[in-house]
Amino acid sequence: MNIKLPFRQYIRLTFVVGLFVISTSNISAVSVAEQTQAWSDPLTVWGALQELGNNLSGTASSFTFRVSTSRTNLNQFDFTTRNTRIYDKNNNSYIIGCPGTNHNDPLDGLTFTTTGVPIGYEDVTIDFSCRNYNFIPGHRYLILITNANNGNAGSGKILFTSAAYGPGGHGGSDLFSGGGLRYAFDNGFCNASQYIWNSQTSNSGCNVFSSTKDDLYFILSNTSPPPPPPRLPVIFIPGIGGSEIKASQDIIWSAQDGHGGTYSHAYSSNEKIWVNQDKAAELGNDDYFDILRLKTDGQTPEAALSLTGDLTSFGYSDIDSFFTGMGYEKGKNFFTFPYDWRKDVRNTKDSLDNLIETAKTASGQSQVNLVVHSMGGLVARYYISDASKAAKVNKLIELGVPHLGAVDTTKALMYGKPLGRQILGDFYLGVPASEVKDIFQNLPTAFQLLPSKTYFDFYNNSSQNQPYPFKDDRDIDNNKITGSLDYDQTKTLISNLAYNMIVFVFGETLHSSLDPILNQTNGTKIYEVIGSSQPTLGQIHETWWITWPVNIIPKIDEIFINGDGTVPLYSASLKSDSLDISGAIKIYYVEQKHSDLVSSSGIAMQTVKAILNDDNSFPVEVKDERIVLEGEQISLDDGELDLYDDQNRHCGLNDKGEIEENIPDVSCITSGNTKHAFVKKKAAKVKVKTTRKNPSNNSKTTNLKKRTYKQDKISKTTIYKDIAVPQVGKVEFTLDPALDTSPSLNFYPDSSSEINVPISPTSEITGSAALDQTPPVTNIQISGTKDFSGVYTEPVTVTLTGNDTESGILRIEYSLDNGQTVHIYSNPFIISTPGKTTLQIKSIDNLGNEEIPQSITIEIAIPPSPTPTPIPTQTPTSTISSGTSSNSTSSTASTSEMGSDSSEVSSRSETTNQSSNSILSTPDVLGVTFQNPNHISDQINISKILEEQKNLIPKNSANEFLGGLLIVSGGIITLASFGLLATFLKKIPK
């Protein structure tokens with residue numbers, strides 16, 4: 001029956017017999033104590049702390065303890081409901097009981113029961129069901145039983161009774177070998193948050209009794225379900241760069257440093273090389289890490305190195321504490337798998353198998369669970385591809401695994417990628433891009449992380465959010481194949497650029513064997529945790545930036561897609577709208593960066609915890625579908641790009657040239673001279689600042705482009721063209737990603753002054769044309785009459801027509817004086833000056849794509865001069881003879897037959913695989929004819945050209961002076977002096 005305390009006039013609390021956990025059927029716990037002896041000596045305290053242990057699971061519903069009814073104290077339960085609580089030592093947090101509806105009644109929420117209870121005692125139940133509290137297996141729990149009615153002059157104390165010792169009671173050994181209530185307090189100051197677990201001495205205001213009152217009598221309810229079976233052991237596998245590497249012996253190193261010099265250093269035995277953070281923090285090229293290189297066979301190390309046995313502290317510092325906090329014990333049922341991340345992934349199979357056998361033996365289990373991050377997933381997937389090995393793995397939990405590779409690795413291999421930013425992990429170290437590129441050249445794992453052939457099935461160039469990894473509009477390998485490259489064309493590009501194709505085969509072989517069977521898990525249960533809604537490199541675009549005077553500058557653009565900031569979404573999930581080769585039981589999407597996926601407090605690792613515990617208590621932030629990418633990408637062609645929030649946090653390059661990313665939901669990237677930033681839609685407003693203190697080219701202007709991403713796609717592109725930012729000036733504007741309008745820029749000619757001029761957008765394109773990357777083409781029509789030699793006999797009319805099928809023509813520019821004066825074309829114009837006139841033309845579309853300029857020489861006949869009448873002269877007695885000669889070459893606008901009154905010159909498209917903008921004709925640029933107009937960066941043999949000009953230029957003092965002023969600019973060789981400009985004609989050798 002239920003008895004409310006106010007009806008009891010005389011209650012004696014000789015607290016004994018048992019503390020019962022009465023809860024839902026999900027509760028499972030080991031017994032705290034098995035003591036069944038009687039109780040004897042009383043102990044009067046304000047309350048008591050009881051260790052409940054660390055193997056509880058399920059949801060707490062209520063706690064019940066048994067008390068004596070023989071003490072006379074009406075206040076002994078005052079406020080017990082409100083003050084009794086459970087404490088989680090791992091999270092340092094309380095869960096309190098549930099008060100009833102009458103908050104004025106301190107007993108409201110307590111239930112008193114005598115049914116089935118021995119005479120003289122009753123059970124007191126505290127309700128916890130309103131909290132729906134889920135125990136976390138492995139966490140350590142205390143229960144605080146207290147009245148805490150300090151204001152009642154001692155009458156609020158509760159009388160506990162200690163268990164009897166030994167035969168006949170008192171003395172003897174401690175019978176509570178499994179736990180028991182060791183710690184009690186009576187001063188009201190014992191703090192559970194400061195309490196030392198299983199302490200044997202006084203601590204944190206708690207009294208530790210050492211008399212016959214040592215053990216106060218509690219047991220957990222024997223009606224609880226049996227404890228769960230022991231956990232399967234967990235093995236954690238890190239990604240590339242995640243294992244420490246040391247020198248196996250004393251090493252004297254002296255070798256080429258990869259940038260024209262030699263690096264020498266003495267490494268001592270056991271010196272930790274990867275990662276020596278002191279060396280990484282030093283300025284310079286960080287050639288200290290050259291020793292990590294492999295030879296060109298991709299197998300032989302350059303030096304004797306070995307593993308330390310530990311994971312790197314950058315990136316994986318939380319791993320040990322996370323799993324031990326769950327109750328795992330390292331070396332017994334929790335292990336890490338360091339491996340040589342430089343070498344072929346397939347080499348790890350046997351060593352991983354040995355560790356799995358060790359884990360099985362230590363834990364007494366027949367299987368293990370694998371938790372893997374990044375490239376560690378390739379290690380695990382290759383392991384379970386062997387059915388006999390897969391039988392040893394119960395669960396495989398993946399965090400951001402680049403199953404099919406990542407474009408980020410292509411960038412690291414070809415251009416370098418600083419470890420101050422990320423390489424398949426956002427580890428801030430300060431290792432420069434040049435050193436990363438140097439180390440990567442012979443690493444099999446670097447090539448195994450390149451986009452595989454199957455990657456191109458998911459990113460098949462069918463839409464702008466599924467682009468091919470590389471678009472080569474600049475023809476950097478000079479093979480006349482331009483545009484977006486498919487897998488075979490990309491492989492050819494890598495080969496043509498002389499990368500290590502021996503090691504490339506390591507990557508191709510791994511993926512050719514593994515990719516087709518990724519959906520065959522051989523019985524292993526696979527769970528994927530995927531980072532989403534982060535701007536992730538999806539395409540590298542090699543193109544041109546062209547300015548007047550004609551200056552053709554290589555430019556690298558980057559297109560972002562959805563992913564975790566490093567691994568594209570489909571490479572991690574192996575699932576798109578039309579394909580699914582994941583083999584996963586479940587895919588979980590979280591809005592986290594690649595490196596944050598292994599943060600112990602992050603959503604991804606809490607998801608790992610839920611999967612391991614089979615409790616389905618996932619964070620609410622975990623989604624079943626991808627989280628879309630939305631925000632603003634800002635790209636600056638040349639100059640510095642810095643972003644600041646209202647707390648003056650910075651995103652951009654710091655004084656050391658390293659990328660800082662201190663603004664939430666804002667990221668910054670460099671690609672050659674181009675700087676990029678991405679501001680997610682949910683980010684706060686930022687101030688964007690551009691300067692050109694150290695312009696990297698001789699152009700006096702720069703361009704800024706803003707792309708708006710919605711639902712993973714570029715929905716709008718805004719350009720600000722030809723911003724004339726001087727070295728002392730700056731451009732600033734405020735970007736609010738929540739707004740759909742494009743801001744005006746504020747141009748400050750002098751950054752030290754407040755005087756500024758607004759700059760409106762040059763153009764704005766929405767819809768499918770917002771990702772137009774194809775330069776326009778100009779058709780040139782010249783009308784006039786020619787003689788038999790092709791020379792015009794009268795003034796000519798020039799008509800220009802720009803063609804662009806995507807974003808449309810912004811303007812056509814032309815020059816008649818080698819770019820010194822640039823005109824904007826509006827109507828046909830007439831050239832009437834006799835002699836030769838060089839006409840240069842280019843079209844620009846509304847997204848800033850520029851045509852490689854066409855250069856045409858038009859010759860109009862010079863009217864004959866009247867023959868002068870000879871005047872007789874006296875023959876001198878002596879003559880100083882001098883001779884001058886001139887020689888020039890030219891190209892005419894047309895080779896049409898005599899009598900034609902018009903001719904048309906246009907650039908035509910050559911059809912190639914995956915290419916729609918290769919140029920078939922070979923136009924001149926300022927009179928220089930290029931054998932491959934899409935590869936204008938071909939090397940020019942200047943010394944040979946200079947030698948050839950000796951026969952063209954008279955040897956007088958003026959010309960000798962001019963000869964010293966040869967200028968090479970953008971592939972164009974000119975001779976300049978006193979404002980004059982002469983153009984030499986020279987085909988560029990292959």
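Asparagine 613 is buried, with a relative accessible area of 18%; buried here means under 20% relative accessible area, exposed over 50% and partly exposed in between, with a 1.4 Å probe and protein chains only. The residue belongs to helix H15 (residues 603-613). Helices (H or I, at least four residues) and strands (E, at least two) are DSSP runs, numbered from the N terminus. Not counting residues up to four places away in sequence, asparagine 613 touches Pro137, Arg231 and Met326, where contact means heavy atoms within 4.5 Å.

The model is a predicted one, in which local features need pLDDT of at least 70 and side-chain atom pairs count only at pLDDT 80 or more, while totals for chains, interfaces and linings use all residues. Residues are numbered from 1 along each chain as its sequence is written, and side-chain values use heavy atoms, with hydrogens and water left out.

The largest nonpolar core has 91 residues, and those with the most contacts inside it are Ile235, Ile237, Tyr267, Ile273, Phe289, Leu292 and Trp341. Such a core is a set of buried Ala, Val, Leu, Ile, Met, Phe, Trp, Tyr and Cys residues joined through side-chain atoms within 4.5 Å. Helix H6 gives the most to this core, with six residues. Leucine 292, leaving aside neighbours within four places in sequence, is in contact with Ile245, Ile273, Trp274, Leu305, Trp341, Arg342 and Ile439.

Helix H6 is mostly covered, nine of its nine residues being buried. The axes of helix H5 (residues 349-363) and helix H6 (residues 376-384) come within 10 Å and cross at roughly 85°; axes are lines fitted to C-alpha atoms, for helices over the stretch in contact, and angles run from 0 to 180 degrees between N-to-C directions. H5 and H6 are therefore roughly perpendicular to each other, a class that spans 65 to 115 degrees. Lys349, Leu352, Asp353 and Ile356 of H5 meet Val379, Tyr382 and Tyr383 of H6.

Four strands form an open sheet of mixed pairing, in the order S25-S24-S27-S28; two strands pair if DSSP finds at least two bridges between them. Its edge strands, S25 (483-484) and S28 (551-563), each pair on one side only. Strand S27 (residues 534-547) and S28 pair in the antiparallel sense over 13 bridges. Helix H8 (residues 407-414) packs on the sheet, touching strand S24 (470-472), S27 and S28, and its direction makes about 45° with that of S27.

Conventions. Angles under 35 degrees count as roughly parallel, over 145 as roughly antiparallel, 65 to 115 as roughly perpendicular and the rest as oblique.
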